[in-house]
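Take a walk through this model.

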Amino acid sequence: MNEDDKSVVVSCKKALRQIGPLLGSTAVNNMFQKHLLEDAQLHYGEFMNDLARLLIADFSDKINFYTMNCVGFFKSVWQAIRASAAMFAGFLLGNLPKADRNTISKEHVCAALKMLLKDASPRVRMMAGEAMSLLYDY
């Protein structure tokens, strides 16, 4: 959905709408059905932040898993993947209630985000910085 090729965006939206009912979260499915319309304009960052909040609410036991998977994508050869992974990890951690923060390997995530601040891509560095700014309360 964060792609220049319109056909890729349309296909991604369609796939997420189709898989939404299978995810086990009415809130996530409703969000997909409402916001991922084929011709609708989507603000990617806001969508991902809202998705992170819903995942935390409905799948709190899997947030460490999701976050560590994001960290794995920090090593992708594609800058868009590295940037999006940094942003989503930031949204997951930034929205996580204080009571649940002990379930996350914060040090590992922060060290990985710090490495992204040295990335060759300005876009990746920017997203890593924005992700780190969401962790001010840790």
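What follows covers charge pairs and helix packing.

This is a predicted model: local features need pLDDT of at least 70, side-chain atom pairs count only at pLDDT 80 or more, and totals for chains, interfaces and linings use all residues. Residues are numbered from 1 along each chain as its sequence is written, and side-chain values use heavy atoms, with hydrogens and water left out.

The structure holds four salt bridges (a side-chain nitrogen of Lys or Arg within 4 Å of a carboxyl oxygen of Asp or Glu). One of them joins D119 to R82, with the closest N and O atoms 2.9 Å apart. D119 sits in the loop between α6 and α7 and R82 in helix α5, so the pair ties together parts that are 37 residues apart in sequence. Helices here are DSSP runs (H or I, at least four residues), numbered from the N terminus. Both D119 and R82 are buried (under 20% relative accessible area, with exposed over 50% and partly exposed in between; 1.4 Å probe, protein chains only).

Now turn to D137, in the segment after α7. K98 meets D137 at 3.3 Å, N to O. R101 also forms a salt bridge with D137, at 3.9 Å between the closest N and O atoms. Shared partners join K98, R101 and D137 into one network. K98 is exposed at 58%, whereas R101 is buried at 12%. D137 is partly exposed at 35%.

Last, the helix pair. Helix α6 (residues 106-116) and helix α7 (residues 122-133) have their axes 8 Å apart. The contact (heavy atoms within 4.5 Å) includes C110 and L113 of α6 and V124 and A128 of α7.

Methods: Axes fitted to C-alpha atoms, helices over the stretch in contact; angles between N-to-C directions. Helix = DSSP H or I, 4+ residues; strand = E, 2+ residues; numbered from the N terminus.
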